[in-house]
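Dear colleague,

I am handing over the structure we spoke about, with the sequence alongside it. Please open it below, and then read on for what was found in it.

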Amino acid sequence: MGALSQPARGHLAMLLFSALVAGSFSLGTMAANLIAPAALTAIRFWIAAAIIGSVALATKGIRRGDFAAPWRYLALGGTFGVYFVLMFEGLKTAPAVSAAAVFTLTPVMAAGFAWLLLRQVMTPRMALALAVGASGALWVIFRADLAALLRFEVGRGEVIYFFGCVAHAVYTPLVRRLNRGESPVVFTFGMLVAGGVILTAYGWGDLAATEWAELPLIVWITLLYISIFASAATFVILQYATLRLPSAKVMAYTYLTPSWVIVWEIALGKGAPGGLVLGGIGLTVIALLMLLKNDTPA
């Protein structure tokens, strides 16, 4: 990868990110009703923190100066904790593909927060691409039903998860605003520990009430997957890419998530969505290609 430019490295990182994130939707719908979201998310953060902390110690180590202004980690950990709790609360009723489509609305919101926090300005091409992607996402969310769209009939799970995606959209530019030169691994570790503390305090009742030994196997599979692949790995990937690409382009890779979710759903034996819904997903892929055609400075 030595010959690749910094933006190119960011793009490759986000391609992997979108594939890993997609798995949490398909597995999440299978486990969401079997464990409280706060309990699942708290344990997820602590497992991911242990993994990332070990990696940090085994590589460049952790310096005292890395934890200057610890409020930064509390802000980031709390923000991402809100996202994950609301995600699994939404997945109790929202289908995986539909929830993934809601996730694709984050680039539009991330672009707005990037302007507020970083004064990053969208190009006309980027604005058009975000509009195309949002249109495709709405088409999927409303199950390709124009009448439902006009009546704005959206499921409870999708609404809950939408507010989680607002938190995710804030998180992306916030990383860039608050990072003071810490490596992605160390910065991620600080965020995970802070988020774990917040989530443990918030979800203590759920943690204590959960019969951990009685949980079905799918919950443990989901917990390990989201802790290792959809948390520890993707947190580092997201922060790595955020330091190399504009926030809106980082989040643009969420447009691939519904496509990856379909692959996951087929692999898990759940089948594929109807042709009209696939048309909406096609629009999100077009939006991604439009955003990637011309790089803008990070």
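Helix α3 is largely enclosed by the rest of the structure, because 14 of its 20 residues are buried; please bear in mind throughout that this is a predicted model. The helix covers residues 71–90, and at 1.5 Å a residue it should span 28 Å, which agrees with the 28 Å that separates its end C-alpha atoms.

If its neighbours within four places in sequence are left aside, the residues in contact with S24 are M87, L91, Y225, I226 and A230.

The remaining findings concern a pair of packed helices. Helix α8 (residues 156–178) packs with helix α11 (residues 217–242) at an angle of about 60°, and their axes are 9 Å apart. The two helices are therefore oblique to each other, and the crossing of α8 and α11 is right-handed. On the α8 side the contact is made by H168, Y171, T172, V175 and R176, which meet L238, Q239 and T242 of α11.

With best wishes

How values were computed
Residues are numbered from 1 along each chain as its sequence is written. This is a predicted model: local features need pLDDT of at least 70, side-chain atom pairs count only at pLDDT 80 or more; totals for chains, interfaces and linings use all residues. Side-chain values use heavy atoms; hydrogens and water are left out. Helices (H or I, at least four residues) and strands (E, at least two) are DSSP runs, numbered from the N terminus. The expected span of a helix is 1.5 Å times one less than its number of residues. Buried means under 20% relative accessible area, exposed over 50%, partly exposed in between (1.4 Å probe, protein chains only). Contact means heavy atoms within 4.5 Å. Axes are lines fitted to C-alpha atoms, for helices over the stretch in contact, and angles run from 0 to 180 degrees between N-to-C directions. Angles under 35 degrees count as roughly parallel, over 145 as roughly antiparallel, 65 to 115 as roughly perpendicular and the rest as oblique. A crossing is left-handed if the near helix is turned anticlockwise from the far one by less than a right angle, and right-handed if clockwise.
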